[in-house]
Amino acid sequence: MYKRKLDNLWVHAVDIPVGKDQPRKRKNLYADGNLTESQAMKVMKSKRIELEYQIENSLYRDPGEATIKSLAHEYNEHHKSIAETTKALHKIYETVHIAPDIGGIGRTKLKDATPAVFEKFYYEKINNEKLSPNTVIKLHSFLHSVFKYAVINNMLLLNPLDNTKCPKKVKYIPRIPTDTEFLKLYTASIGTIDEVVILLAGALSLCRGEIFGLKWSDINWEDQSVTVEETFVHFNKNLRKEPKVDARRRTMYAPQIVLDALKRYRTSLKVVDIYVCSAYLPDAYGKHFKKLVEKHDMPGITLHKLRHYNAIIMMKLGIPDKVAAGRTGHSQLSTLQQVYQHSTQDADKMASDRIEGYLQKK
């Protein structure tokens with residue numbers, strides 16, 4: 001047994017029984033490098049007994065030449081019952097981040113998958129490919145589940161992700177448009193599909209999937225209401241589904257300005273499709289919207305940030321948090337409060353003005 005300097009782990013090699021005339025096979029057992037040598041020996045003994053039991057009872061699957069790529073693929077193929085969006089996201093992790101020959105770790109054999117391998121992988125993702133730490137954390141979570149699957153199925157005795165240092169989560173601070181910026185964007189888009197999209201997001205707080213999943217039949221012109229029944233996600237152009245939480249399956253009154261914009265847009269269409277915004281796929285509109293805000297010199301504004309803008313409007317108007325959360329589709333008030341916290345400048349100015357007014361009365 002020895003301590004490996006590369007990742008500060010205790011390592012103990014164990015011979016695996018093989019058939020006659022077959023080459024020798026060894027398996028490494030690992031223990032936390034922060035343990036003393038005697039403590040590590042006790043851990044190794046326990047793991048060796050477990051390994052011997054698995055081998056004797058034909059429970060152990062020798063990973064052999066299996067790679068991280070093949071394991072991730074097996075994991076994705078095995079989990080058929082997960083949501084379609086989650087399945088699509090996992091496939092992106094597999095094909096875009098793990099499998100590529102350049103920038104991926106797919107070719108790494110399972111027996112060589114140490115914490116140091118993953119930490120280097122994360123470093124390159126953040127520094128070379130400019131992924132955000134929060135995205136890498138999600139990738140880490142996926143890989144942890146993949147290797148947990150390997151441990152459960154006796155392909156490995158230890159999940160190397162348990163001892164892998166993950167990037168620290170970065171607090172998300174959205175670039176929320178000001179009243180002037182929103183008005184400028186809305187005014188410039190009147191009479192186009194952009195007007196409809198901007199108002200659905202900024203005045204009705206629909207997310208992109210809900211906007212592109214909105215059907216004309218979801219609009220009740222007499223009651224002046226809109227019902228969210230379906231989302232159209234961006235992973236796959238054919239992937240439409242119900243909202244993921246009950247709070248988003250909602251009906252809300254729509255401001256007249258939104259209804260008027262919808263009526264104008266419907267009248268302008270030569271052919272009226274089932275869906276309101278069928279002229280674009282979600283991803284394609286995202287690229288279109290990026291060009292739109294660049295044209296008006298509003299860097300950092302995304303369609304999703306218009307939802308935050310709507311939440312801030314409701315905060316300024318003193319609309320109760322529970323009502324605001326219901327309209328935005330947040331099942332928990334804490335989620336809405338996080339949005340509010342990202343826009344404290346106006347609230348801080350308001351506090352300052354009120355303190356000034358209070359002191360002047362004294």
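User: How exposed is Lys316, in terms of relative accessibility?
Analyst: Lys316 counts as partly exposed, because its relative accessibility is 38%. Please note that this is a predicted model, and the values discussed here are computed from it.

User: And Asp179, how exposed is that one?
Analyst: Asp179 has a relative accessibility of 42%, so Asp179 also counts as partly exposed. The limits for that class are 20% and 50%.

User: What do the side chains of Lys316 and Asp179 form where they meet?
Analyst: They form a salt bridge, with an N to O distance of 3.8 Å. Because Lys316 belongs to helix H11 and Asp179 to helix H6, this pair ties together parts of the chain that are 137 residues apart in sequence.

User: How many salt bridges are found in the whole structure?
Analyst: The search finds eight. One of them joins Arg107 to Asp101, whose closest N and O atoms are 3.2 Å apart.

User: Are Arg107 and Asp101 buried or exposed?
Analyst: Arg107 counts as exposed because its relative accessibility is 66%. Asp101 counts as exposed too, at 57% relative accessibility.

User: Which residue meets Lys215 in a salt bridge?
Analyst: The partner of Lys215 is Glu230, and the N to O distance is 3.7 Å. This pair links distant parts of the chain, 15 residues apart: Glu230 is in the loop between strand E5 (225-227) and strand E6 (231-232), while Lys215 is in the loop between H8 and E4.

User: Buried or exposed, those two?
Analyst: Both Glu230 and Lys215 are buried. For Lys215, the relative accessible area is 16%, and a residue is classed as buried when that value is under 20%.

User: What else is Lys215 in contact with, leaving aside neighbours within four places in sequence?
Analyst: Besides Glu230, Lys215 is in contact with Ile274, Tyr275 and Val276.

User: Back to H6. Which of its residues are buried?
Analyst: In helix H6, which covers residues 179-189, the buried residues are Glu181, Phe182, Leu185, Tyr186 and Ser189. Viewed down the helix axis, they fall within an arc of 125°, so they line one face of H6.

User: What does the face turned away from that buried side carry?
Analyst: That face carries Thr180 and Leu183, which are exposed.

User: Which helices are among those covering the buried residues of H6?
Analyst: The cover includes helix H7 (193-202), helix H9 (256-268), H10 and helix H11 (303-316).

User: Which glycine with a positive phi follows H6?
Analyst: The residue is Gly191, and its phi is near 95°.

User: New topic: aromatic rings. How many aromatic pairs are there?
Analyst: The count is nine aromatic pairs. Among them, Phe118 and Phe147 form an edge-to-face pair, with ring centres 5.5 Å apart and an angle of 85° between the planes. Because Phe118 lies in helix H4 (residues 115-127) and Phe147 in helix H5 (residues 133-152), the pair ties together parts 29 residues apart in sequence. Both Phe118 and Phe147 are buried.

User: How are the rings of Tyr285 and Phe289 arranged?
Analyst: Their centres are 6.2 Å apart and their planes meet at 35°, so this pair is classed as tilted. Tyr285 and Phe289 are four residues apart in helix H10 (residues 282-295), which means that about one helical turn separates them. Tyr285 is buried, at 0% relative accessibility, and Phe289 is buried as well, at 2%.

User: Which residues form one aromatic cluster?
Analyst: Tyr75, Tyr93, Phe142 and Tyr149 form one cluster.

User: Which ring does the charged end of Arg266 sit over?
Analyst: It sits over the ring of Trp216, 5.0 Å from the ring centre.

User: Last one, the overall picture. How many helices and strands are there, and how much of the protein is buried?
Analyst: The secondary structure consists of 14 helices and eight strands. Of the 362 residues in the protein, 41% are buried. Among contacts with a separation of 6 or more, 64% are between residues 24 or more positions apart. The accessible surface is about 20,900 Å², and 53% of this surface belongs to carbon and sulfur atoms.

Key: Residues numbered from 1 in each chain as written. Predicted model: local features only at pLDDT ≥ 70, side-chain atom pairs only at ≥ 80, totals over all residues. Heavy atoms only, no water. Phe/Tyr/Trp six-rings, centres within 6.5 Å; stacked < 30°, edge-to-face > 60°. Helix = DSSP H or I, 4+ residues; strand = E, 2+ residues; numbered from the N terminus. Buried < 20%, exposed > 50% of the residue type's maximum accessible area, 1.4 Å probe, protein only. Lys NZ or Arg CZ within 6 Å of the ring centre and 35° of its normal. Arc of directions from axis to C-beta. Contact = heavy atoms within 4.5 Å. Areas by Shrake-Rupley, 256 points an atom, 1.4 Å probe, with all protein chains shown as cover. Salt bridge = Lys/Arg side-chain N within 4 Å of Asp/Glu carboxyl O.
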